[in-house]
Amino acid sequence: GDHRPGLVIAAMAAAAALWLLGRELTGSAWIGTAMAVGVALSPVFVAHSATALAYLPTGALAAAFLGSALRGVRTGSRWWFAAAGLCLGALAFHRPFDAVLLGAPVGAWLAVRSARTRDWLAPAIVALAAAPFAVAWLADNVTATGDALTPAFAVDAPNDTFGFGRRASWEATGSTFVDGAVDYTPAS
């Protein structure tokens, strides 16, 4: 089928997620609306809305996760924590490294809050809601590569893995990329 309706849905979801995030960060629906409209009209957003690249859905899921987690903390609603977990799980399935970058600090924050209040329900709900996506991601990896911790994209790009070291998603050329890889280490 045609992927263009999916682009429209992703753009609308991103705008809604940004509204939620803006609303929760500032406490103002008007500021949330201004933030969502400002981002939706920005040239970068418009350009990414017209492509099938992963950036727009990633941004939508990240904003929805963070906005839902913040609303869950503000309201105490279990449903918002479940929504946060679903968004984090979908983000983990879509782009695992981005989910770790966002989920780790939010998870630590929720854990510190829970330790103070001795109520571990919020992080448990987030984790349980995200778990089916993690299981699906691991199963997908097993199907594609035979190893749960080797992502499916490693079939086509075996040098493109998690963490630091020499990485390459494609074969780059020239004097900078002699062997097609870039050294991603803290020292470089």
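This is a predicted model: local features need pLDDT of at least 70, side-chain atom pairs count only at pLDDT 80 or more; totals for chains, interfaces and linings use all residues.

Colleague: Good. What does the secondary structure of the chain come to?

Modeller: There are 7 helices and 2 strands, running α-α-α-α-α-α-α-β-β from the N terminus. These are DSSP runs, helices being H or I with at least four residues and strands E with at least two, numbered from the N terminus.

Colleague: And how much of the chain is buried?

Modeller: Buried residues are 33% of the 188 in the chain. Buried means under 20% relative accessible area, exposed over 50%, and partly exposed in between, with a 1.4 Å probe and protein chains only. The chain exposes about 11100 Å², with 70% of that supplied by carbon and sulfur atoms; the areas come from the Shrake-Rupley method with a 1.4 Å probe, and for residues only the protein chains shown count as cover.

Colleague: Which residues have the most contacts inside the largest nonpolar core?

Modeller: Phe65, Phe81 and Val126, in a core of 22 residues. A nonpolar core here is a set of buried Ala, Val, Leu, Ile, Met, Phe, Trp, Tyr and Cys residues joined through side-chain atoms within 4.5 Å. Two or more residues each come from α1 (4-26), α4 (55-75), α5 (78-94), α6 (96-117) and α7 (121-145). There is also a second, separate core of 6 residues, including Ala10 and Leu56.

Colleague: What is phenylalanine 65 in contact with?

Modeller: Beyond its neighbours within four places in sequence, phenylalanine 65 meets Ala84, Cys87, Leu88, Leu102, Gly103, Val106 and Val126. Contact means heavy atoms within 4.5 Å.

Colleague: Switching to packing, at what angle do the axes of α1 and α4 cross?

Modeller: Roughly 30 degrees, and the axes come within 8 Å. Axes are lines fitted to C-alpha atoms, for helices over the stretch in contact, with angles from 0 to 180 degrees between N-to-C directions. The residues of that contact divide into 18 nonpolar, 2 polar and 4 charged. Here Ala, Val, Leu, Ile, Met, Phe, Trp, Tyr, Cys and Pro count as nonpolar, Asp, Glu, Lys and Arg as charged, and the others, Gly among them, as polar.

Colleague: Is serine 68 buried or exposed?

Modeller: Serine 68 is buried, with a relative accessible area of 4%. Its place is in helix α4, and leaving out residues up to four places away in sequence, serine 68 touches Leu20, Trp80, Ala83 and Ala84.

Colleague: Where does arginine 118 lie?

Modeller: In the loop between α6 and α7. Arginine 118 has a positive phi of about 60 degrees although it is not a glycine. Most residues other than glycine have a negative phi. Arginine 118 counts as exposed, at 74% relative accessibility.

Colleague: Last one: which residues does asparagine 141 touch?

Modeller: Not counting residues up to four places away in sequence, they are Gly146, Asp147, Ala148, Thr150, Pro151 and Ala152. Asparagine 141 is found in helix α7 and is buried, with a relative accessible area of 1%. Its C-alpha atom is 5.2 Å from that of proline 151, 10 residues apart along the chain.

Terms used. Residues are numbered from 1 along each chain as its sequence is written. Side-chain values use heavy atoms; hydrogens and water are left out.
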